[in-house]
Amino acid sequence: MELILISESKLKIMLTADDMENYDISNEQMTYEKKETRRVFEKLLDEAREKTGFDSSSERIFIQVYPSKNGGCEVYVTLNTEGKQERKQREKSTAPKNKKEYCVYLFENIDDALSACCVLRKIGYKNESSLYSEQKGKAQVKYYLVLQEDVIQNTQGRKRRNVSKSDLANEYGKKLASKEWMLYIREHGKAIVEKNAVQTMSVLR
């Protein structure tokens, strides 16, 4: 018997006349519907898995048998991988998607903003961050720290937040509705640090 691995999904088994006699089968009996022949195929496929790594245990198989001139036969075994590919595609399409969205924190003074940056750096915050300030006339200056947080979105478009390192900024400031405040900050705020604000400002504390 000779086993030839054509591809990951296709195997060729060459049986001689002696092999056919040893397995007590003939070309006329080589149909997978017969219980006796099915047992022979199971033995052949077990041996193929051990010798070639061809694993048909978890897939449907398609078998073609062609008699050879020497009294043996050639058996082609093909895995039906379409179902597996469809399952993978379905799992991929239904899997939640991780996204990063911006969140904005308001601080009443620079000390609170620096404290928040310092804590965030210590716990390993590495997402994008920027710091803005705003002053209206002689009014007190306010500071806005823009951070990123992880959001999981399913295929129906529903979102839920992951517990984020950015949440620790709540200890020093107030979280704002991000979409509205991002527009407000860009129009009225003054950029102090546009990139890596957490890392840059934390060294000042």
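Of the contacts in the protein chain with a separation of 6 or more, 65% are accounted for by residues 24 or more positions apart, a contact being heavy atoms within 4.5 Å. The structure is a predicted model, in which local features need pLDDT of at least 70, side-chain atom pairs count only at pLDDT 80 or more, and totals for chains, interfaces and linings use all residues. Residues are numbered from 1 along each chain as its sequence is written, and side-chain values use heavy atoms, with hydrogens and water left out.

The protein chain contains 6 helices and 10 strands, taken as DSSP runs (helices H or I, at least four residues; strands E, at least two) and numbered from the N terminus. Of its 205 residues, 32% are buried; buried denotes under 20% relative accessible area, exposed over 50%, and partly exposed the range in between (1.4 Å probe, protein chains only). The accessible surface of the protein chain amounts to about 13400 Å², and carbon and sulfur atoms contribute 46% of this area. Accessible areas come from the Shrake-Rupley method with a 1.4 Å probe, and for residues only the protein chains shown count as cover.

Helix α2 comprises 18 residues (residues 35–52), and its end C-alpha atoms are 25 Å apart, in agreement with the 26 Å that it should span at 1.5 Å a residue. The expected span is 1.5 Å times one less than the number of residues. Thr37, Val40, Phe41, Leu44, Leu45 and Ala48 are the buried residues of α2. They lie on the same side of α2, because the arc that they cover around the axis is only 135 degrees, as given by the directions from the helix axis to the C-beta atoms. These buried residues pack against β1 (2–7), β2 (10–15), β3 (60–67) and β4 (73–80). Exposed residues on the other side of α2 are Glu36, Arg39, Lys43 and Glu50. Just after the helix, Gly53 adopts a positive phi of about 85 degrees.

Rings of Phe, Tyr and Trp (its six-membered ring) pair if their centres lie within 6.5 Å; planes under 30 degrees apart count as stacked, over 60 as edge-to-face and the rest as tilted. By this rule, 3 aromatic pairs are found. The pair of Tyr66 and Tyr76 is edge-to-face, because the ring centres are 5.9 Å apart and the planes stand at 75 degrees. Tyr66 belongs to strand β3 and Tyr76 to strand β4, so the pair ties together parts that are 10 residues apart in sequence. Tyr66 is partly exposed, with a relative accessible area of 40%, whereas Tyr76 is buried at 18%. One aromatic cluster is formed by Tyr144, Trp181 and Tyr184.

Helix α4 (residues 110–122) has 13 residues, and its first and last C-alpha atoms are 18 Å apart, close to the expected 18 Å. Its buried residues are Ala113, Leu114, Ser115, Ala116, Cys117, Cys118 and Leu120. At the start of α4, the backbone nitrogen of Asp111 has a side-chain oxygen of Asn109 within 3.1 Å. Gly124, which follows α4, has a positive phi near 90 degrees.

Most residues other than glycine have a negative phi. Asp24, although not a glycine, has a positive phi of about 60 degrees. Asp24 is located in the loop between α1 (17–22) and α2 and is exposed, with a relative accessible area of 64%. Asn196 likewise has a positive phi, near 55 degrees. Asn196 occupies the loop between β10 (190–193) and α6 (197–202) and is partly exposed, with a relative accessible area of 44%.

Key
Polar contact = N/O pair within 3.5 Å; in protein donor to acceptor, adjacent residues only side chain to side chain.
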